[in-house]
Amino acid sequence: MSHKLGRNSFGDPVNAGNLMSIEEAHSLLNDWVPNERLRLHMKQVAAVMKAWAIERENADEQTALKWELAGLLHDADWEKYPDEHCRIIIEELEKRNIDPDLIHCIASHGPNYFGVEPNNTMDKMIYAFDELSGFVHAAALIRPTRYEGLEVKSVLKRLKSPAFAAQVSREEINDAISRIDHSLEEIIQFIIDHQKDVN
Ligand SMILES: [Fe+2]
């Protein structure tokens with residue numbers, strides 16, 4: 001089953017700046033994503049994206065909301081429409097006249113699956129955070145103290161062990177990191193710091 005989207009243009013430029021509230025995004029998630037674990041994943045990526053926008057990109061409130069929404073919605077259709085992920089959420093956001101940048105960000109969060117290249121920093125960061133966020137969470141869950149005391153070097157060690165969280169593609173992670181000017185270590189530390197209290 002190909003997840004290729006077959007296009008590179010998303011949404012209507014006339015809708016630039018049109019976002020939705022966090023409450024609206026949560027209500028969409030509650031309708032579309034019964035799986036609590038998957039909802040948590042999206043909330044974690046959202047927290048990390050928002051923090052990065054504010055702390056590293058000097059984003060204003062509206063831009064930070066856009067980064068947060070991208071995280072919150074990027075896998076919204078995964079549970080109900082696994083074969084059509086992420087076409088369904090993209091079409092839903094287009095129907096709702098949402099900002100094309102936000103839709104493009106979701107469309108490019110897995111370039112090797114969806115065939116859409118990450119263009120701007122927001123696109124590249126969601127790609128870098130997505131797989132690693134899940135991986136860091138898996139590494140935290142197996143520890144008695146979870147995130148408390150979790151160190152980057154122990155996450156790196158797990159990455160080198162193919163049997164651990166084997167479904168997480170190391171190739172994807174390396175590809176995503178190669179597209180940004182930040183090290184794997186820095187990104188892992190940022191994820192640990194910003195998703196540890198999300199629930
Ligand atoms: Fe994801």
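How are α7 and α10 oriented to each other? They're roughly perpendicular (an angle of 65 to 115 degrees). Keep in mind that this is a predicted model, where local features need pLDDT of at least 70, side-chain atom pairs count only at pLDDT 80 or more, and totals for chains, interfaces and linings use all residues. Residues are numbered from 1 along each chain as its sequence is written, and side-chain values use heavy atoms, leaving out hydrogens and water.

- Helices here are DSSP runs (H or I, at least four residues), numbered from the N terminus.

**α7 with α10**
- α7 packs on α10 (residues 184–195) at about 65°, and their axes (lines fitted to C-alpha atoms over the stretch in contact) are 10 Å apart.
- Among the residues in contact (heavy atoms within 4.5 Å) are M125 and F129 of α7, plus I187 and F190 of α10.

**α2 with α10**
- The axes of α2 and α10 come within 9 Å, crossing at roughly 110°.
- That makes α2 roughly perpendicular to α10 as well.
- Their contact includes W52 and R56 of α2, along with H194 and Q195 of α10.

Conventions. Axes are lines fitted to C-alpha atoms, for helices over the stretch in contact, and angles run from 0 to 180 degrees between N-to-C directions. Helices (H or I, at least four residues) and strands (E, at least two) are DSSP runs, numbered from the N terminus. Angles under 35 degrees count as roughly parallel, over 145 as roughly antiparallel, 65 to 115 as roughly perpendicular and the rest as oblique.
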